[in-house]
Each structure stands twice: as structure tokens, then as C-alpha cells.
Amino acid sequence: VALDASGDLYVADANNSTIRKVALSTAMVTTIAGSAGRPGSTDGVGKAALFSFPQALAIDGTGSIYVSDSSNCTVRKIAPATQTVTTIAGAAEMAGSRDGMGSAARFNHPRGVATDGTDTAYVVDTENHTVRQVALSSGLVTTLAGLPGMRGSRDGFGASAQFDLPSDVTADRLGSLYVTDVNNCTIRKVDIRTNEVIAAMLDAK
């Protein structure tokens, strides 16, 4: 789930393969993209677009919604004004791990996604055991931390760090990501500036 600047809630409804909006002031629920019970991968407007088990979403400063479309192994964008869905990275049902531009990149069942509010999204590439970075203006995908296919629990820099089925991610305002590392039962911290991964020591303040 994610909140927009107006206080409306957006939900990745995974088993329905849809993206839903909850107007918190009225509790009205509407489907803004995808068609319930019709998994697929089609770019288009609103219900003409198709998703396959979308796992998470994040909203940037312009109100654009970014979706980790897990079973399609892609990252999708929903434009706020038109509800137009486009695929910005990865290729539908083409699982793998490859850095590159747009459809040349590969993911393996990505889950959590976060944005820095401007031009970057961060995606937990769950079955690759990595954290990926997407430049939203260009679609360039790079691997920020972890080594594809190498599961484990190791702190370190970039590819020397290891995760085990990471599932979600959030970004703070100080240049750090926090990753739920499911099979390791830990929360890991990634310094975006240095790509260093360490065990998170969360400050309750």
C-alpha cells in the first residue's frame, strides 16, 4: 500500500491482478488499473491494462505510481492523470538477472518497491536475492547490492553483500534503504551512496 499527497490509499491487489484506490474520506474503493481475474501483461489505460500478481507499489512526487509486477518480472508505471499503464523495465515473463535499459533488463519475481520521490526507484528483486535501482527518466536498471543467485547473510559493499529472499524495501530521507530480508529474519540497511549493506539499527525516535 502507499499514500498519495491527497491522502488517498493505493493497494496492489495481488491475487486479483489489479491496482485499487481507497478514498479514505469516504472509504470508496475503485479499481484504477488491471482487470480482476485476468492476469496478463498489457500496457494500456485503466482496466484495459493487465498485471500478473502485482506485489507492491510506490508513489513519487508527481503522483506517478510504480508497481512491481511480480509474476511478469517487470516494473510498471501508472500515470496519475490518465491511468495509463506502461512497462518501464523488464520483459513480461522473462525471468532473469540483467542490468540494462528498459526491456533489456531482467528481474526474477520482484516484490517491494520504493522511490526517492524524484527520479529513482528501488526494487527488491526477491528470487535474485538482490536490490536493484531504476532510473525512472531513462529506464536504466542497475544492481545496487547482492549477487544474483547467491543467497546468504553477509554485510558488505555491493555484490559482496548477500540476502536471502528479501521481500520489501523503504527509503528514508538520509540516503538509506531498509530491506526486510525474510529468510534471514533481519532488517538490512543499504547506504545508497556507498552501496554498503549492514544490519539495521533502527532509532525509535
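Ala89 touches Thr74, Val75, Gly102, Phe107, Val134, Gly139 and Val141, leaving out residues up to four places away in sequence; contact here means heavy atoms within 4.5 Å. This is a predicted model, in which local features need pLDDT of at least 70 and side-chain atom pairs count only at pLDDT 80 or more, while totals for chains, interfaces and linings use all residues. Residues are numbered from 1 along each chain as its sequence is written, and side-chain values use heavy atoms, without hydrogens and water.

**Nonpolar cores**

- Ala89 also belongs to the largest nonpolar core, which has 15 residues; Ile88, Ala89, Phe107 and Val134 touch the most other members.
- Two or more residues of this core come from each of β6 (54–59), β9 (84–89) and β12 (120–125).
- Apart from that core lies another one of 14 residues, including Ala33, Leu57, Ile65 and Val67.
- A nonpolar core is a set of buried Ala, Val, Leu, Ile, Met, Phe, Trp, Tyr and Cys residues joined through side-chain atoms within 4.5 Å.
- Buried stands for under 20% relative accessible area, exposed for over 50%, and partly exposed for values in between (1.4 Å probe, protein chains only).

**Asp69, a buried acidic residue**

- Asp69 sits in strand β7 (residues 65–69); strands (E, at least two residues) are DSSP runs, numbered from the N terminus.
- Asp69 counts as buried because its relative accessible area is 0%.
- The side chain of Asp69 makes a polar contact of 2.7 Å with the side chain of Arg76, and the Asp69 side chain also reaches the backbone nitrogen of Ser52 at 2.9 Å.
- A polar contact is a pair of N or O atoms within 3.5 Å; within protein, one must be able to donate a hydrogen and the other to accept it, and residues adjacent in sequence count only if both atoms are side-chain atoms.
- Beyond its neighbours within four places in sequence, Asp69 is in contact with Leu50, Phe51, Ser52, Phe53, Pro54, Thr74 and Arg76.

**Asp168 and its sheet**

- Asp168 lies in strand β16 (residues 166–171) and is partly exposed, because its relative accessibility is 38%.
- Setting aside residues up to four places away in sequence, Asp168 touches Gly112, Val113, Val124, Tyr178, Val179 and Thr180.
- Five strands make an open antiparallel sheet in the order β15-β19-β18-β17-β16, with β15 (156–157) and β16 as the edge strands, each pairing on one side only.
- β16 pairs with β17 (residues 176–181) in the antiparallel sense over five bridges; strands pair if DSSP finds at least two bridges between them.
- Thr170 stands opposite Tyr178 in β17.

Key: Helix = DSSP H or I, 4+ residues; strand = E, 2+ residues; numbered from the N terminus.
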